[in-house]
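Visitor: Please bring up the model. I would like to ask what stands behind the words used for it.

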Amino acid sequence: MKEVYQFLDSLNISKNDYIVVGVSGGPDSMFLLYTLKSLNYKIVCAHVNHHLRKESDAEYQMVNNYCINNNNIIFEGKELFNLPKNNTEIVAREKRYEFFKEIIDKYHSKYLFTAHHGDDLMETILMRIVRGSYLNGYAGFNLITNKDTYQIIRPLVYLTKDYIINECNRLDIPYAIDKTNNDLDHLRNRYRHKILPILKSEDKNVHLKFLKYHIELQSYYDYVNKITYSYMNNIFKDNILDLDEYNKLDDLIKKNMLFEIIRKYYLDNLYLINDNNILEIEKCISSNKPNIKLKLPDNLYVIKEYNKLIFTRNINSKTINKIEFMDKLNINNYYFERVNNSLDNSNYIIRLNSKDIKLPLYFRSKIDGDVIEVKNLNNKKKVKEIFIENKIPVSIRESIPLLVDSNNNILWIPGIKKSKFDISNSKYYDIIITCKKKENNDEKE
């Protein structure tokens, strides 16, 4: 316990500040609650009843009674009902931490204490080594995790589960045992009951060796991360990674940068990502294909568009089915207008003779197999090939309005190509349509 007390003392938390303690009712969290109370911290106990086991109500009441009747600790409880049958643990965890944040805000606290201990750290490190991770992941979880407005603090990493249970029994601290922790269908439980006992039989203080490993690896990670961010702040902006600059970097920095970018999108759900996901992104970057779209867990898309790598959860289709053009049209950041005259001869204007085409005119998105008879080419060309030649990203191709007549002849790809139906200034035409395109960050998303 000496190390725990020293660690707590080093935090310099004012005894006038509220601290929130996440308490499940198990021996770990009840021991943490007892320890912090014995040091005279102002405690708010946050407990969640997930209603997943028949014992849940009794455990809720036990924690409530311990706080209010015996120790004058503020108790804040929440009950969750009808959690989904799929991904139950993940959803329960998310709901639990949402509740913790509510309580932190309610009491203007800056600290959330959780009861992760030395055995938990060993299990996490071993699981990530087997599953695959990167520097920070292999180090397990931190003793202190900095969130936007508060810190998560884990002071019991110096202790083993056995020590904590023995102390609870010696000090007559009430606790509940979750029988599902013995269910070997759960991966963590297999590590807990099959692997850790072997390690402890070799060295009863093996948890401290893992803690030393964590601290050493974390120091290397902090150093590499400092270098990584010195580059990343310049080449990763607005959810877009500049691949030209990225590819100039050392392999270690490149790999760590991808991991750090991914961390920004997953935060507390980083466990959803594994080695294979990062490998997919690396393959995407190194591929000769200019346009690739990957879908990662939790609906994160990674889109390669030539020399850019875009990270987004906003895949909004801007497909144009078929819209008749009258005199004016504003669609997908394009503004079209029929005018009487213009001196412009760029690809942002088209002149047509109504006798050459079949009215009315329409704007629609590209369809697979679309071809256009390009002006001055005397040949048909696939619209897809034109997009590729002009390096138009796949993600925005469907948002580009194509002008077609009622025979479905493609007359114009605004701003890019005109068809043979475009009339020169010196000849007769009776339709002039201009295009103005507004550049918008939506195209990057």
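Visitor: Why are α5 and α8 called roughly perpendicular to each other?

Guide: This is a predicted model, where local features need pLDDT of at least 70, side-chain atom pairs count only at pLDDT 80 or more, and totals for chains, interfaces and linings use all residues. Residues are numbered from 1 along each chain as its sequence is written, and side-chain values use heavy atoms, with hydrogens and water left out. Now the angle. The axes of helix α5 (residues 118-131) and helix α8 (residues 187-202) cross at roughly 105° and come within 10 Å. Angles of 65 to 115 degrees count as roughly perpendicular, under 35 as roughly parallel, over 145 as roughly antiparallel, and the rest as oblique. Therefore α5 and α8 are roughly perpendicular. Axes here are lines fitted to C-alpha atoms, for helices over the stretch in contact, and angles run from 0 to 180 degrees between N-to-C directions. Helices (H or I, at least four residues) and strands (E, at least two) are DSSP runs, numbered from the N terminus.

Visitor: Which residues make the contact of α5 and α8?

Guide: Contact means heavy atoms within 4.5 Å. On α5, the residues include Met122, Leu126, Met127 and Val130. On α8, they include Leu187, Tyr191, Ile195 and Leu199. By class, the contact has 9 nonpolar, 1 polar and 6 charged residues. Ala, Val, Leu, Ile, Met, Phe, Trp, Tyr, Cys and Pro count as nonpolar, Asp, Glu, Lys and Arg as charged, and the others, Gly among them, as polar.

Visitor: What makes β3 and β5 edge strands?

Guide: Each of them pairs on one side only: β3 (74-79) and β5 (144-146). Two strands pair if DSSP finds at least two bridges between them. The open sheet has 6 strands in the order β3-β2-β1-β4-β6-β5, with mixed pairing. From one strand to the next, the twist averages 25°.

Visitor: How many bridges join β5 to β6?

Guide: 3 bridges do, and β5 and β6 (residues 151-153) run antiparallel. Asn146 stands opposite Gln151 in β6. Strand β1 (residues 18-22) pairs with β2 in the parallel sense, over 5 bridges. There, Val20 has Val44 of β2 as its bridge partner.

Visitor: What makes β2 mostly covered?

Guide: Of its 8 residues, 7 are buried. Buried means under 20% relative accessible area, exposed over 50%, and partly exposed in between (1.4 Å probe, protein chains only). Helix α3 (residues 56-70) lies across β2 (42-49) and β3, running at about 165° to β3.

Visitor: Which residues touch the most other members in the largest nonpolar core?

Guide: Ile19, Val21, Leu33, Leu36 and Phe113 do, in a core of 47 residues. A nonpolar core is a set of buried Ala, Val, Leu, Ile, Met, Phe, Trp, Tyr and Cys residues joined through side-chain atoms within 4.5 Å. Not counting residues up to four places away in sequence, Val21 touches Leu32, Leu33, Leu36, Ile43, Val44, Cys45, Ala46 and Phe113. A second, separate core has 32 residues, including Phe325, Leu329, Phe363 and Cys435.

Visitor: Why is one side of β7 and of β9 left without a neighbour in the sheet?

Guide: β7 (236-237) and β9 (291-296) each have a single partner strand, so they stand at the edges. Their open sheet has 5 strands in the order β7-β8-β11-β10-β9, and the pairing is antiparallel. Strand β8 (residues 240-242) meets β11 (residues 308-312) through 3 bridges, with Ile240 opposite Ile310. Strand β10 (residues 300-305) pairs with β11 over 5 bridges, and Val302 has Phe311 as its bridge partner. In β11, 4 of the 5 residues are buried.

Visitor: How do you know whether His108 is buried or exposed?

Guide: Its relative accessible area is 70%, so His108 counts as exposed. His108 is in the loop between α4 (88-106) and β4 (111-113), and its phi is near 50°, a positive value in a residue other than glycine. Asn376 has a phi near 70°, also positive. With 72% relative accessibility, Asn376 is exposed too.

Visitor: What is the peptide bond from Leu359 to Pro360 called?

Guide: Cis, with omega near 5°. Pro360 is placed in the loop between β15 (349-352) and β16 (361-364). Most peptide bonds are trans.
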